[in-house]
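Me: I would like to learn how to read a helix and a ligand site. Please take the features one at a time.

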Amino acid sequence: MNQRNVYDASLAPDFHSSLLERDAPFPAGAWRQALSEIVGKSEVMESVLHTLGKVARSDSPVLIHGESGTGKELIARAVHRLSMRSSKRFVAINCSAIPESLLESELFGHVKGAFTSADKSRKGYFEEAAGGTLFLDEIGEMPPRLQAKLLRVLQEKQFSPIGSNEVKITDVRLITATNVDLEDAVAHQRFRLDLFYRLNVLPVVLPPLRDRRGDVRQLLDYFLEISNQSHSIANPCYLTSDIYTILERYNWPGNVRELQNLVERLVVMSGGGQIGIEALPGEYRYLKVGAGAGASGRESHSNPTAGLVAKDPIDASIVPSTTVTSIVDILPIGGIDLENYIENLENALIMQALERTGHNKNQAAKLLGLNRTTLVERIKKRKLAPLNSPSKEL
Ligand SMILES: Nc1ncnc2c1ncn2[C@@H]1O[C@H](COP(=O)(O)OP(=O)(O)O)[C@@H](O)[C@H]1O
Ligand SMILES: [Mg+2]
C-alpha cells in the first residue's frame, strides 16, 4: 500500500503557508496539493520549493541533484503535477535497476523480431509517457551507448523503436535525477558533457537531511502520523522529547528514506504509546564526543552541535578534553534529565565498544577502562547486547 494515501492532506496547509502566498499563480489547490506531501520548512527546503514552482511552469528538462533518499522522485512528481502536462502520465524509470539490453527497449520500444526474445512489439516509455513527463532516475548509471541515443532524442525530438525505421516524434517533458556528482562523472569521461548540458537546463539541488536538520522533527511527526494511521494503532505512538533531540543530531546517511523506515520500524516494534531512546537501534544512539565534521565529513557548519551523533568511531585522543564542552554545547534550552542522559551516553559508549571489538568483552572493557565483571553486569542490567550479537566469550 502506498502509505502516503492514508495521510490527511488537510493537515498540510500550515507546512508552507508563506510559499503558498508567494507562488500563487498555479491553479487553485494544485500548488497546495503538490506541496502537501513535501515536508520541510527549513530555509534550504523552502528555497528548493520556490525553485520547484518556477521550474514547473517551464517545459525544459530538469535535472535533480541529491543523495539517495533526499526526495528526488517526490520533487519530480510535484513538478509534473504542477506542470501543464499534469493530466497526462508521469512515468518513472530507474536507469540503474534495468540491464542495458532491456533499458533501450524499455525506453524506446521494439518491433516484433527485433531481437531473439521479441515475440511481439512493445511501446517504450518515451511513447507511453507522450504528452506527460518521463522521469529517469540515476541517470549517471546510463551506459554510454544509451547516453548517445538519448542525446539524439533530445536534439532531434524523435526516435525509432528498436528494429524499426519508423520515426516517432517525442512529446515528453524529461526530468532526470542523479545521486552521483555528474560533473565529476563528466570529468572522468563516464558521462557525456553534451548530454549533461542538455539535461541540466533547469537544475534543482536537494540538500541532504543533515544540512536541513530543522526539518527532522516535522518529518518524524509526519511519518509517525502515517505509520499510526496505516497500522490503525488504537493507542497511537508518540516520541519522547529526548528522541527528537538525538535524531536531530544524527547524520542520516540514508536521508528521508532512512528516517521514514526508522519511524515505521519504531511504530511496528512498539505497538503503541510512548517511544523513548531505548527503542532506538544502536547506531542512532552513538554520541560522537568531540566537535567537527559529521560521519561523512561533509557536514555543514551552520549548526555548532552538528555531528555530535554519528556512526563513526570516537577518536580517543579527543575524549578527555572535549567531553565537557560537547555536553555543554548540546544542553537544550529546556534542560535535560541528567541521570537519564548520562546513562544513555554510557550505554552508547558500551555498545560502541562492543561493536568495535566484535563483542569481545575483555577488549571492550579495556577500551572503556572498566573491569570485565563490571562491564558484563552493566550489559545484563541494561539489556544492552543486541540479540544477534555473537556469543564470543574471549
Ligand atoms: N521532504 C519530504 N517530505 C515527505 N516525504 C519525503 C520527503 N523527502 C523524501 N520523502 C519520502 O522519502 C522516500 C524517499 O524519497 P525519494 O523521492 O524516493 O528519494 P530519492 O529519489 O532521492 O532516492 C519516499 O517515500 C518519499 O516519499
Ligand atoms: Mg530515487
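Reply: Helices are DSSP runs of H or I with at least four residues, numbered from the N terminus. Local features need pLDDT of at least 70, side-chain atom pairs need 80 or more, totals for chains, interfaces and linings use all residues, and this is a predicted model. Residues are numbered from 1 along each chain as its sequence is written, chains are lettered from A and ligands numbered from 1 in the order written, and side-chain values use heavy atoms, without hydrogens and water.

Me: How does the reach of α15 compare with the expected span?

Reply: The expected span is 1.5 Å times one less than the number of residues. Helix α15 (338–356) has 19 residues and reaches 27 Å from first C-alpha to last, close to the 27 Å expected. G358, with a positive phi near 60°, follows α15.

Me: Which polar contacts does ligand 1 have with V39 and Q260?

Reply: A polar contact is a pair of N or O atoms within 3.5 Å. A polar backbone atom of V39 is 2.8 Å from a nitrogen atom of ligand 1, and a polar side-chain atom of Q260 lies 2.7 Å from an oxygen atom of ligand 1.

Me: Where does ligand 1 lie relative to the domains?

Reply: Domain bounds come from an automatic or database assignment. Ligand 1 lies between domain 1 (3–207) and domain 2 (210–336), because both give residues to its shell.

Definitions and conventions: Polar contact = N/O pair within 3.5 Å; in protein donor to acceptor, adjacent residues only side chain to side chain. Helix = DSSP H or I, 4+ residues; strand = E, 2+ residues; numbered from the N terminus.
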